[in-house]
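This report covers selected side-chain contacts, the sheet, the nonpolar cores and some backbone angles. The sequence and structure come first.

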Amino acid sequence: MNILFVFYIPSGGVETLNRQRCAALKKFNINCHCLYYDARKDLNPFDGPCFIGKDPKMIKEILDKGQYSAIVIVSDFRILSLFRSLGYKGKIIIEIQGLGPKDQAKAFLLDGYSEIMKHADALLNPNTPHIVKLFDEIFPEKPKFRFNNCFDTNQFCYQDLPKPPHPIVAWIGRIEDNKNWKEFLYLGHRLLHEINSNIQLYMFEDPTLAVPRERHEFEQLIVKLDLTKNLSLLHNVTNAKMADFFSKIGDSGGFLCSTSKVEGAPYSVLEALSCKCPILTTDSDGVRSSIIHNQTGKYYTLGNIQEAVKEAKELMTNTQLREKIRSNGLLHVSSNFSPDLYSKNFINLLKSLGITV
């Protein structure tokens, strides 16, 4: 059987999710194809057909040839009517992998209410608490499914590499408000002055996705806080290379810092845990399935830089706690986000919708 996954661009967590779940489902004789509307950079290697474009004629050809048992559309209710108008009569699942701030997420789902009610057969999300609540509130009668995303800890894992000379504190995201890049820069500034002046700050980003106004503010704040010598901006690092980076960050005595206001189910967190890279994060809602305070990572209160410094210091200096967090994090991901567990849940979803697997 064939399944089609649809999203805007092959970037970020959804692109990683699609590669991971397509590989997982293939073991169960489910062939997965992906459709992205636009590609702004080279694609990561993908085992299966991957289509780029939004032309209705092209999509019609894809649908006719693919004969899909189900289509999973990620965070785009506006294209639902197009698929139906092109004659697709199979099951359509709307999946939400993060919609930014909670009020923005609610507004988005309310805006899409009529389209989703008319054309979608089910709703899916990766155990994101505020999305679960919104689904129940706005779509009480729609079939709803929630289970963790999948992550292959054998394929993306710790690499034994030379230890960096200085601790590395890293951040991953877009230069836009919800990712809260300002907080990371202020935290980095404090860490350099209060813990270790040799700390290296790594920021992984895709500059094509930055908000122009915020990009300008970002560049100004780097200069204002005198971070230029310690800060490295890493653009469009391929997913295959990120395991090396996470491993080095973990071995350096540093950590990955997530400053987001709200997240759906960030893949960067799972990737870091799989490479024994400890994490300091805000309680951005979607991280709750992966981060347990002082067990698999550490939390700090959004906006509280002083608390973030305190937690960062303990993470960097308490060797016993740090090593416990590193080992527990890897075990947690391998147990609760395994590809086979995801495949079992996804197959049960299909069966619940009356699809023979």
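## A buried charged pair

E205 and R215 are both buried, where buried means under 20% relative accessible area, exposed over 50% and partly exposed in between, with a 1.4 Å probe and protein chains only. The model is predicted, so local features need pLDDT of at least 70 and side-chain atom pairs count only at pLDDT 80 or more, while totals for chains, interfaces and linings use all residues. Residues are numbered from 1 along each chain as its sequence is written, and side-chain values use heavy atoms, with hydrogens and water left out.

E205 and R215 form a salt bridge, with their closest N and O atoms 2.6 Å apart; the term stands for a side-chain nitrogen of Lys or Arg within 4 Å of a carboxyl oxygen of Asp or Glu. E205 belongs to strand β9 (residues 200-205) and R215 to helix α8, so the pair ties together parts that are ten residues apart in sequence. Helices (H or I, at least four residues) and strands (E, at least two) are DSSP runs, numbered from the N terminus.

## Other salt bridges

By the same rule the count comes to 21 salt bridges. One of them joins the side chains of D283 and R288 at 3.0 Å, N to O. D283 is partly exposed, with a relative accessible area of 41%, and R288 is also partly exposed, at 43%.

E323 and R326 meet in a salt bridge of 3.3 Å, N to O. The two residues are three apart in helix α12 (residues 319-336), and so are separated by about one helical turn. E323 is partly exposed at 37% relative accessibility, whereas R326 is buried at 9%. Elsewhere, K298, K310, E311 and E314 are linked in a network of salt bridges.

## E214 without a salt bridge

What does the side chain of E214 contact, given that E214 is buried yet has no salt bridge? E214 lies in helix α8 (residues 212-224), and the nearest side chain of opposite charge, R213, is 4.0 Å away. For charge, Lys and Arg count as positive and Asp and Glu as negative; His and the chain ends are not counted.

The side chain of E214 makes a polar contact of 2.7 Å with that of W181. A polar contact is a pair of N or O atoms within 3.5 Å; within protein, one must be able to donate a hydrogen and the other to accept it, and residues adjacent in sequence count only if both atoms are side-chain atoms. A polar atom of the E214 side chain also lies 3.0 Å from the backbone nitrogen of D177. Leaving out residues up to four places away in sequence, E214 touches I175, E176, D177 and W181, contact being heavy atoms within 4.5 Å.

E271 is found in helix α10 (residues 267-274) and is buried, with a relative accessible area of 6%. Its side chain joins that of N239 in a polar contact of 2.8 Å. E271 and N239 are 32 residues apart in sequence, and their C-alpha atoms are 9.7 Å apart in space. Beyond four places in sequence, E271 touches T16, F151, F156, N239 and F246.

F246 is among the residues that touch the most other members of the largest nonpolar core, which has 52 residues. Such a core is a set of buried Ala, Val, Leu, Ile, Met, Phe, Trp, Tyr and Cys residues joined through side-chain atoms within 4.5 Å. Apart from this core lies another, of 32 residues, including L35, I59, I62 and I116.

## The parallel sheet

Six strands form an open sheet with parallel pairing, in the order β10-β9-β8-β11-β12-β13. Strands β10 (231-235) and β13 (298-299) stand at the edges with a single partner strand each, so one side of each is left without a neighbour in the sheet. Two strands pair if DSSP finds at least two bridges between them.

Strand β11 (residues 255-258) pairs with strand β12 (residues 279-281) in the parallel sense over three bridges. The bridge partner of C257 in β12 is L280.

## Positive phi angles

S75 is not a glycine, and its phi is positive, near 55°. S75 lies in the loop between β4 (70-74) and α3 (80-85) and is buried, with a relative accessible area of 7%.

D226, also not a glycine, has a positive phi of about 55°. D226 is placed in the loop between α8 and β10 and is exposed, with a relative accessible area of 60%.
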